[in-house]
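Welcome, and thanks for taking a look at this one. Here is a short briefing to read alongside the sequence and the model.

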Amino acid sequence: MATFLYRLGRLSFRRRRYVLLLWVGVLVAVGFGAARAPAAPDDAFSMPGTESQRAFDLLDERFPGTGADGAVARIVFVAPPGQTLTTPENRAAVERVVAEATASPQVASAVNPFQGGAVSTDAATAYATVSYTAISDDLTDATKEALRTAVTDGQAAGLTIELGGDALTTRPGAGGVTEAVGIAIAALVLLITFGSLAAAGLPLLTAIVSVGVGIASIMALASALGLSSTTSTLAMMLGLAVGIDYAVFIVSRYREERARGLEPQDAAAIATGTAGSSVVFAGLTVVIALAGLFIVGVPTLTKMGLAAAGTVGIAVGVALTLVPALLGFFQRAVLPRAARKRTRKKTERRGPNAGTRWANLILRRPLPVLILSVLALGAIALPVLDLRLGTAGDEAKPTSTTERRAYDDLAAGFGPGFNGPLTIVVDAADSADAQAAVTTIAQRIGATPGVVSVSAARFNTADDTAVFTAVPATGPSEAATKDLVHTIRAQRATVTAATGATFQVTGTTAVNIDIAQKVQDALVPYLAIVVGLAFLLLLVLFRSVLVPLKAALGFLLSVLAALGAVVAVFQWGWLAGLIGLHQTGPIMSMMPIFMVGIVFGLAMDYEVFLVARIREAHVHGENARDAITSGFGYSARVVAAAALIMMAVFAGFIGTAEPIIKMIGFGLATAVLLDAFVVRMTVVPAVLALLGEKAWWIPRHLDRVLPHIDVEGETLSRPAAPAPASGLEEPLTLESASAR
């Protein structure tokens with residue numbers, strides 16, 4: 001592999017103008033395709049195999065054209081202190097607001113609170129539900145303005161009015177000011193690391209190209225492949241992060257080879273052949289982790305994973321071709337100013353750098369360092385034992401939002417379970433008396449402990465299917481509500497035997513419970529498959545049994561510790577105020593899968609780049625301990641910079657107001673921090689030091705059957721370079737790169 005990539009890097013350097021034109025052409029072509037492609041389909045989240053999804057499918061079949069997928073606005077009215085909404089003045093104001101809000105052709109139906117029984121027992125709180133024929137994104141400005149104006153007029157009349165539902169909800173974005181700050185911090189880290197504007201700008205430029213091609217491709221294929229507008233979110237976040245990292249790896253290796261005295265073309269070829277090999281394997285591990293998301297069985301998640309995997313693949317291709325091509329345009333500019341001033345033949349040799357000193361510090365006491373690191377990660381991971389999965393709703397939003405205030409008003413007026421009603425779908429097609437069967441089922445469910453009330457049943461036109469709601473006594477994210485759903489479902493066999501009809505439980509609360517259960521069931525198989533495939537990949541890469549095993553165990557430590565930190569902050573509320581978190585609650589159901597997939601891929605980036613340099617030194621004749629020091633001298637600074645860049649990109653999401661995006665940003669930034677600086681930079685050298693030469697042991701029969709992939713560049717014919725004054729080749733430091 002190293003030989004092939006060496007030739008590819010050399011060719012890209014020599015034909016840099018053609019390579020640049022090729023990538024510009026690809027970007028323009030996919031951009032044109034994206035502009036001309038049909039619009040992306042609306043989000044259609046589904047959970048095949050779950051009861052809640054089967055109930056929704058039955059509703060679509062038996063209640064066609066009901067507009068169930070349209071937007072909903074819930075207008076919540078609260079009377080002034082000491083008054084009720086049933087007084088003539090307040091009642092007239094409520095009815096006027098409802099009339100104004102429904103003055104739009106996009107309104108499918110509206111329920112007046114006084115006619116629909118939507119008034120609290122003390123008559124101080126009421127709500128009106130307005131259903132629309134279109135989803136929120138497709139509502140016209142006139143429709144939304146009618147709703148806003150109605151609310152304003154009601155407030156002017158002295159009522160407290162808040163809006164729930166999704167009619168006026170805007171889709172949360174992943175970008176914004178805080179994300180721009182994160183990218184700015186990444187640029188600053190690059191500038192400090194490389195000491196050159198060109199070297200700092202080149203990874204950012206190539207990452208933008210990678211993301212641009214990836215996102216444009218997703219948009220161009222959105223209609224044909226059924227990719228929704230949210231599919232590109234993960235691709236953009238990961239494409240930007242790995243795109244920067246991969247370019248950093250190759251640019252830093254180029255600077256090292258220039259420091260040895262190589263000509264620019266030779267240095268670019270060697271960098272692509274060695275660091276490029278690490279990029280290929282690191283990219284493969286990310287692709288494996290993302291593509292493996294199909295195991296969960298959620299189509300939306302599968303599409304997001306495959307789209308992100310495709311973008312990562314593009315980032316690998318950009319790193320192997322466009323980066324060496326751009327190095328040809330900035331042969332000397334990517335070097336720090338001090339290096340550009342040196343003469344051609346002068347190459348300074350410096351002593352140990354921060355990386356070698358850190359490695360030597362760990363090598364002196366590897367066992368205590370290993371024990372302390374593992375205990376620290378274990379302590380951080382302890383909150384995982386209390387992990388509760390769910391999906392936060394309006395209750396997790398800050399109190400400054402009208403959705404949160406509407407949620408609180410409804411909970412105060414109607415009870416905490418009112419915000420999470422259960423939808424019961426009764427299939428009475430095989431029952432002799434559908435009406436009697438539905439009545440019996442409603443009575444059984446209404447008598448279940450934990451159910452406050454059930455609504456009147458609504459039948460379809462064929463009178464063989466009915467739907468009604470059951471209001472729990474507890475909030476939608478509480479454990480008692482989850483137990484209630486399981487209790488109701490457990491009654492199905494008995495009820496079916498007695499009535500001949502069956503029922504299914506769905507609704508937002510039940511969907512969230514089913515999602516959490518499905519993710520929990522898929523987590524262990526997902527871990528086994530992804531870690532197993534990556535183990536085989538690293539086995540081929542490093543030709544060692546213990547090194548891949550160490551990598552997998554280290555990853556489990558870091559991801560469990562990161563999940564523990566997420567639980568401590570977002571579920572327990574520790575230090576929540578520091579990141580602007582207003583409400584604690586269950587951890588987003590998809591969070592463990594997201595973190596396992598993404599963090600595993602990123603962790604293997606650092607593992608491959610760091611250990612590949614250690615193995616390279618070992619293959620070239622150094623003993624096990626000296627190889628650790630050499631590898632850290634060359635790669636520790638780059639890995640630290642890459643981790644800081646990742647953290648900056650992910651931490652940019654913490655400043656958003658949306659709790660889910662805040663949680664993802666915090667979790668990924670924490671995971672990168674723990675994995676890069678504790679596991680890869682501390683645990684890895686300690687374990688390798690304790691194993692010594694055994695770290696590179698592999699059974700002979702296995703060594704014979706494994707394909708030999710040259711990653712260390714053993715087969716490369718390296719151009720002659722000035723010999724070092726003493727010791728090893730010069731480690732990467734800002735001051736040590738030589739001119740050329």
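**A buried proline to start**

P685 counts as buried, because its relative accessibility is 0% (buried means under 20% relative accessible area, exposed over 50%, partly exposed in between, with a 1.4 Å probe and protein chains only). This is a predicted model, in which local features need pLDDT of at least 70 and side-chain atom pairs count only at pLDDT 80 or more, while totals for chains, interfaces and linings use all residues. Residues are numbered from 1 along each chain as its sequence is written, and side-chain values use heavy atoms, with hydrogens and water left out.

**Around P685**

- You will find P685 in helix 23 (residues 659-691); helices (H or I, at least four residues) and strands (E, at least two) are DSSP runs numbered from the N terminus.
- Not counting residues up to four places away in sequence, P685 touches I362, L363, I628, F632 and R680 (contact means heavy atoms within 4.5 Å).
- P685 and T629 are 56 residues apart along the chain, and their C-alpha atoms are separated by 8.8 Å.

**Around T149**

- T149 sits in helix 6 (residues 141-156).
- With 34% relative accessibility, T149 counts as partly exposed.
- Between the C-alpha atoms of T149 and D605, 456 residues apart along the chain, the separation is 53 Å.

**Overall build**

- The protein has 24 helices and 11 strands.
- Its radius of gyration is 30 Å, close to the 27 Å that the globule rule gives for 740 residues, so the protein is as compact as a globular protein of that length (the radius is taken over C-alpha atoms, and the rule is 2.2 Å times the number of residues to the power 0.38).
- Taken along the principal axes, the C-alpha atoms fill a box of roughly 95 × 50 × 45 Å.
- Of the 740 residues, 55% count as buried.
- Among contacts between residues at least 6 apart in sequence, 81% join residues at least 24 apart.

**Nonpolar cores**

- The largest nonpolar core has 158 residues, and Y246 and M595 have the most contacts inside it (such a core is a set of buried Ala, Val, Leu, Ile, Met, Phe, Trp, Tyr and Cys residues joined through side-chain atoms within 4.5 Å).
- Helix 21 (residues 591-619) gives the largest share of this core, 19 residues.
- Leaving aside neighbours within four places in sequence, M595 is in contact with V559, A562, L563, V566, F600, G667, L668 and A671.
- Another core, of 26 residues, lies apart from the largest one and includes A79, V130, A134 and L159.
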